[in-house]
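Please keep the sequence and the coordinates at hand.

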Amino acid sequence: MKYFSVVMYLLRERQQFLEEIRDGVKLKSKIFGLLISSTIFFGIYGAILGASSTWWMQCLVSAIKLPALYLLTLIICFPTLYFFNVMFGSKRTFEQYLTLLMTSMAMISVLLFGFAPVSLFFLISSTNYNFYLLLNVAIMAITGFLGVNFIYQGMHFLSEQDAEGKDIRLNILRFWLGLYAFVGSQLGWTLRPFFGAPGQAFQLFRGRDSNFYMSLWDSIRSLAGF
């Protein structure tokens, strides 16, 4: 339960949590607690996505893939943010940046966990695969946007004491946030399926034909009857 207490502290005292990151207070325990709790929350939501398949294995695999998606996106994009910020005057440490990004990831996981009953309700009550897919893509987009916004606010807060190069670092951050979203969507496409497509056998991974955006457009057209 101590891992979840870190998340509850974050939700209730976000400003104080950021101040502790700035001051380097118990960063290792924060990182570990956020990692464990966010993995569990992502796993639960992933299991619900996989339950759209008639294969129980898809439920299990999606519960593993969804936490992996967010963690791998963070690992891929983190060095770019850290080294560019250090290059342009940031005095924050590696652990401070990592804690801030883990904080954002935990926020996204909590929000997805909050949407889990909604997703489960439509999974049970709707038989339209494209509607269910687009609903969950929208949920993940909303929660991702809120998480990214938290990164921006947190980085702005941490930059207040490092006046040198602050404007450049904020511009870098804006670019990086777009990169983070692009990498996340492409990685999600590479790791698919998360949903179980009706009438298809269980697949651990699918071929890399098309791309995420074309597939999303095809689902919208199918739902609209085009």
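In this predicted model, Glu 95 and Lys 28 form a salt bridge, with 2.7 Å between the closest N and O atoms. Glu 95 belongs to helix α5 and Lys 28 to helix α3, so the pair ties together parts that are 67 residues apart in sequence.

Another one of them joins the side chains of Lys 30 and Glu 20, with an N to O distance of 2.7 Å. Here Lys 30 sits in helix α3 and Glu 20 in helix α2, so this pair ties together parts that are 10 residues apart in sequence. Both Lys 30 and Glu 20 are buried, that is, each has under 20% relative accessible area. Arg 22 and Asp 23 also form a salt bridge, their closest N and O atoms being 3.4 Å apart. Arg 22 has a relative accessible area of 22% and is therefore partly exposed; Asp 23, with 48%, is likewise partly exposed. As a general point, side chains of opposite charge can pair when their charged atoms come close.

The loop between α2 (14–23) and α3 (27–50) contains Lys 26. What is the phi of Lys 26? Its phi is positive, at about 45 degrees, although Lys 26 is not a glycine. Most residues other than glycine have a negative phi. Lys 26 is also exposed, because its relative accessible area is 63%, over the 50% cut-off for that class.

Ser 159 and Arg 22 are 137 residues apart in sequence, yet their C-alpha atoms are 9.3 Å apart in space. Ser 159 is placed in the loop between α6 (129–158) and α7 (166–191). Is Ser 159 buried or exposed? Its relative accessibility is 5%, so Ser 159 counts as buried.

Ser 159 is also one of the residues that line the second largest cavity. Rolling a probe the size of a water molecule over the atoms shows where empty space is left. Along with Ser 159, its lining consists of Ser 90, Arg 92, Tyr 97, Met 155, Leu 158, Asp 162 and Arg 169. By residue class, this lining divides into 3 nonpolar, 2 polar and 3 charged residues.

The last stop is on the surface. Which residues form a nonpolar patch there? The patch is made up of Ile 40, Ile 44 and Phe 113, which together have about 220 Å² of accessible area. Phe 113 lies in helix α5, which covers residues 94–125; Glu 95, the salt-bridge partner of Lys 28, lies in helix α5 too. With a relative accessibility of 35%, Phe 113 counts as partly exposed. Patch residues need over 30% relative accessible area, so Phe 113 at 35% passes that cut-off.

Key
Residues numbered from 1 in each chain as written. Predicted model: local features only at pLDDT ≥ 70, side-chain atom pairs only at ≥ 80, totals over all residues. Heavy atoms only, no water. 1 Å grid on protein atoms, 1.4 Å probe; cavity = no way out; pocket = protein on both sides within 12 Å on 5 of 7 lines; lining within 4 Å. Nonpolar A, V, L, I, M, F, W, Y, C, P; charged D, E, K, R; others polar. Patch = residues over 30% accessible without salt bridge, like charges linked within 9 Å, V, L, I, M, F, W, Y side chains within 5 Å. Areas by Shrake-Rupley, 256 points an atom, 1.4 Å probe, with all protein chains shown as cover. Salt bridge = Lys/Arg side-chain N within 4 Å of Asp/Glu carboxyl O. Helix = DSSP H or I, 4+ residues; strand = E, 2+ residues; numbered from the N terminus. Buried < 20%, exposed > 50% of the residue type's maximum accessible area, 1.4 Å probe, protein only.
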